[in-house]
Amino acid sequence: MSTSQASNLSPQSTPGRSITLRVNGESRSVECHDRQLLVEVVRDQLALKGTHVGCMNGDCGACTLELDGQIVKSCLMLAASADGGEVNTVESLGSPDELAPVQEAFWNNDGFQCGFCLPGHLFAARNLIESNDAPSDDEIREAIAGNLCRCTGYQSIVCSIRDAAASARAESPRASV
Amino acid sequence: MTETITPRFVATDDPRPESVRPELEQIRRKDGDLMLTGRGGYLDDTVLPGMLHAAILRSPYAHARIRGIDTSAAEAASGVRFVLTGAQAKDQTSPIPHYFDPALVGGRTADFRPLAVDEVIYAGEPVAAVVGVTLNDAEAAVALIEVDWEPLPFVIDAEKALEQGAPKVFDTWEDNAMIRLPFVEGNAGPIIDSAKHTLEGELRIQRYQTAPLETRGYIASWGTDGRLTLHASAQNPHPLRSHLSKTLGMPENQIRVIAPRVGGGFGHKFHGYPEEPLVALLSRAVGAPVKWLETRAECMLVGAREFIHRFKVAYDEDGKILALRDRIIADIGALGASGGWGMAFIAGMALPGPYRVKHYDVESTAVVTHKAPWNGARSYGKESAALAYERIMDLVAAELSLDPAEIRRRNFIPPEEFPYWTSMKHLDSGEYAAALDHVLKLGGYDQLREEQAQARSQNRLVGVGVGFELTPEGGDFSGTLLRGFDTSTVRMDPTGTVTVLTGVTSPGTGNETGIAQVVAAELGVSPHDVTVVQGDTDRCPYGYGNFSSRSMTVGGAAALLAARDVRATLVTAAGVLLETTPEQVRLAHGRASVVYEPDRNLSIEELTRAVFVRTLAVHGLDQAQLESTRTYAPSNVHNVPDELGRSSPYPSFPYSAHVSTVEVDRETGLVKLQNYAGVHDCGTIINPKMVEGQFLGAITMGIGGALWEELKYAPDGRLATKSFKHYLMPRANDLPWIKVGHEVTPSPFAMLGMKGVGESGVAGAIASLANAVNDALRPLGAVIDQMPLSAPNVLAAIRRAERS
Ligand code: FES
Ligand code: FES
């Protein structure tokens with residue numbers, strides 16, 4: 001099985017360009033078409049399959065990644081517009097041997113079933129906790145409202161994020177105000 | 001060997017092996033670390049060398065003749081490798097076998113091919129396919145195919161489709177009724193005609209689907225040996241292979257189907273779709289792997305669950321239902337070979353649910369229309385039946401000013417009457433009133449009623465809804481490749497690790513974790529040392545995959561039987577090595593030890609190694625096989641009618657009880673879900689966290705279907721709902737905290753007493769919400785019988801009441 005193939009790259013059809021991205025900490029140059037979406041380049045040219053496609057329409061959040069510190073739905077962005085940017089995909093959050101606390105929390109709380117929606121929920125969780133390490137359930141639900149999950153009914157995701165926030169608090173307790 | 005297990009446990013004992021009890025071991029989902037780090041390996045992640053991409057031209061018309069088709073511009077386009085039309089595809093195939101052939105139950109049937117030939121019968125039907133170097137190339141070329149269409153009259157409404165002179169979907173049929181299915185017991189007609197109290201009503205249920213987050217896809221590749229491999233996001237890889245072999249006219253053992261990790265199934269990934277053989281034909285033609293992935297808009301073509309019920313019931317002063325009549329119309333679209341239409345069968349069969357109604361006369365009519373075919377949808381028609389019987393309960397309760405909970409108690413089949421025969425169902429066991437009482441307590445029913453009274457005094461429209469569902473599971477349909485039994489292999493290797501190969505599959509629910517747990521418990525190892533292989537027809541025993549919440553109850557049970565065989569060899573060998581009898585050997589925590597003398601022990605690894613390297617070299621060590629394959633068949637299936645003509649294709653009957661509160665905005669019709677509680681009884685529970693996850697997911701799917709989700713057709717016969725912007729699924733901030741409770745009433749017929757989990761919850765949620773919204777509208781005298789309970793539909797009901 002080869003992963004290097006650029007399946008959506010067809011030199012004849014549309015104008016292309018070379019872009020440079022810092023991807024999960026590594027500098028990568030890729031050829032892409034002007035009309036290619038960031039999610040396509042990440043999945044096809046960069047062979048990072050953890051970023052999923054559920055709708056190609058900005059509705060589901062399965063394609064979420066981090067671009068220049070902001071979480072974005074990568075199906076709504078042209079790859080060319082990310083040129084020079086810093087991309088972190090779900091693969092950057094942790095590895096099977098060394099899961100990030102938020103990943104541990106999702107695993108402990110059964111915060112997923114099929115796992116297809118995970119990129120959106122993991123990034124939204126991390127984002128929320130960075131700015132608010134004691135979120136209410138309502139705040140958690142608002143934070144993940146841009147993502148769809150068809151399997152869990154979200155409740156175990158809410159529990160996962162509660163837990164992840166608790167471990168973040170334990171890690172670095174804030175000075176009480 | 002097929003084996004029927006008689007119950008080994010009495011209901012009062014905890015039947016689970018010690019180490020699968022949750023208080024003793026909390027186990028996390030298998031492969032969680034991979035899924036959490038983007039290493040899930042779904043269909044779309046599979047890349048084969050030289051892989052090309054397919055796109056499909058679909059009919060823009062609901063009904064039209066294809067007078068001609070010109071593919072020359074498409075063929076000449078850049079990056080295009082091949083274009084296939086319906087006539088060419090037909091020459092290379094036999095009709096696609098039905099997932100569930102209507103002819104088996106006396107229905108009309110039709111032939112389906114990968115691409116339409118002379119005529120299309122629904123908008124979205126595949127007409128031609130293009131293979132391109134990239135998907136963009138293929139899609140661009142699809143737009144260049146010219147078809148000379150002759151639009152024909154069409155019908156997209158089931159009742160109109162039944163009228164005299166309606167446009168026909170299939171020319172060779174007399175009319176559009178595919179089948180009328182009766183489910184009858186007693187003398188409902190005369191009782192209803194002469195009863196003092198009767199009540200009638202209607203329910204209209206929208207077309208909606210399950211919309212898994214991962215859409216369908218297939219990758220076909222042909223080896224130089226002529227062997228076909230199909231990677232498919234499919235729930236039933238073996239039956240898919242059997243059907244492909246028929247369609248393509250090639251030996252089944254020359255086909256390998258691999259179902260990688262599936263991103264949600266819910267019935268959407270049952271097989272019978274035209275794209276399955278289509279991708280194989282395309283790949284053969286171009287001599288390279290070809291991939292086709294369903295777009296979200298294509299996914300939304302697949303229909304389900306669109307029903308009309310017209311019912312009439314007779315009841316007495318106490319609220320007992322004396323007789324029930326229901327005429328059901330199912331709008332199944334243009335039939336197709338996929339597994340959807342059977343929901344029309346189950347919708348009739350599932351009545352009268354958990355209630356002791358001795359006289360009923362149910363007829364379910366499956367009607368074809370010029371809409372895209374159905375496929376299975378979690379709950380599979382049971383949600384339709386439940387909505388009917390649960391609305392009936394509330395309507396009768398309202399007539400008699402009885403509490404909705406009370407009328408259910410009066411009508412439930414009492415525990416002592418099990419097993420209980422009713423409409424093609426032999427109900428295994430149930431404590432229905434206990435589940436209802438549990439949920440009322442959990443949801444704080446009395447307080448909800450008090451709060452409702454207060455809200456009403458302030459003119460607010462608050463409603464409380466009770467819902468109960470009975471969920472026939474584990475279906476066994478003889479004559480089809482949807483069987484109730486399944487097969488698993490358990491294999492240990494010299495280093496003591498365990499591999500389970502099983503015919504059941506996981507659509508993303510995680511049954512592999514439960515299977516690993518029961519096997520590990522039997523062999524005394526950790527579930528982490530058990531690898532479960534599913535979905536590969538070259539590796540796994542022939543099995544029926546995932547449907548009807550059966551994976552643990554049959555795949556898990558078969559694995560447990562096989563593990564017991566392996567265990568027998570292990571304890572015999574351990575007895576020899578530890579100089580004791582096999583009965584004195586305990587396997588636990590990775591060691592074999594002598595009971596009461598735990599210091600005499602050896603590790604499982606030493607033990608399995610000894611079996612491999614020392615058998616026949618040590619006196620008494622003479623069994624070398626640490627592998628067994630077993631088939632488990634549930635024992636409560638009655639395919640052969642008894643002397644009274646009764647049969648039952650489902651062996652187990654989990655159920656659930658629900659209570660919800662809503663507030664309706666009188667001005668906008670918007671429904672706000674405020675409280676929700678559900679109690680579930682699926683018999684024995686192996687992994688409580690996962691059971692709870694299934695139940696919560698099912699409830700949420702039911703909430704979405706009750707309140708928002710709808711696939712709407714425009715008057716031109718085309719589907720208007722194409723994205724999640726129009727197909728509104730629940731999001732986290734739409735939902736309240738859902739309280740969940742469990743009751744455990746083991747099945748006396750099933751191994752370990754399991755009844756199955758997965759589907760149960762959808763139907764009860766829908767019923768509970770329909771009752772809650774109607775309860776909210778009562779002060780206005782408004783009734784809503786059109787689903788979903790969306791703002792426009794609720795507002796229309798309010799306006800209707802205001803006018804009258
Ligand atoms: S694929 Fe990008 S939001 Fe759904
Ligand atoms: S776990 Fe399947 S979509 Fe969220």
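Select chain B: 64% of its 804 residues count as buried (under 20% relative accessible area, 1.4 Å probe, protein chains only). This is a predicted model, where local features need pLDDT of at least 70, side-chain atom pairs count only at pLDDT 80 or more, and totals for chains, interfaces and linings use all residues. Residues are numbered from 1 along each chain as its sequence is written, and chains are lettered from A in the order in which they are written.

Stay with the whole chain. Its C-alpha atoms fill a box of roughly 90 × 75 × 55 Å along the principal axes. Chain B holds 20 helices and 29 strands (DSSP runs: H or I of at least four residues, E of at least two, numbered from the N terminus).

Now the sheet. Select the 7 strands of chain B in the order S4-S6-S2-S13-S10-S11-S12; the sheet is open, with mixed pairing (a pair needs at least two DSSP bridges). Strands S4 (80-85) and S12 (255-258) of chain B are the edges; each has a single partner strand, so one side of each lacks a neighbour in the sheet. From one strand to the next, the twist averages 20 degrees.

Zoom to residues 217-222 and 228-232 of chain B. These are S10 and S11, antiparallel and joined by 5 bridges. B:Tyr218 stands opposite B:Ala232 in S11(B).

Next, helix H8 of chain B, residues 275-286. H8 packs on the sheet and touches S2, S4, S6, S10, S11 and S13 of chain B (contact: heavy atoms within 4.5 Å). Its direction makes about 35 degrees with that of S10(B) (axes are lines fitted to C-alpha atoms, for helices over the stretch in contact; angles run from 0 to 180 degrees between N-to-C directions).

Last, select residues 237-248 of chain B. This is helix H7, lying across S11 and S12 of chain B at about 140 degrees to S12(B).

How values were computed
Heavy atoms only, no water. Buried < 20%, exposed > 50% of the residue type's maximum accessible area, 1.4 Å probe, protein only.
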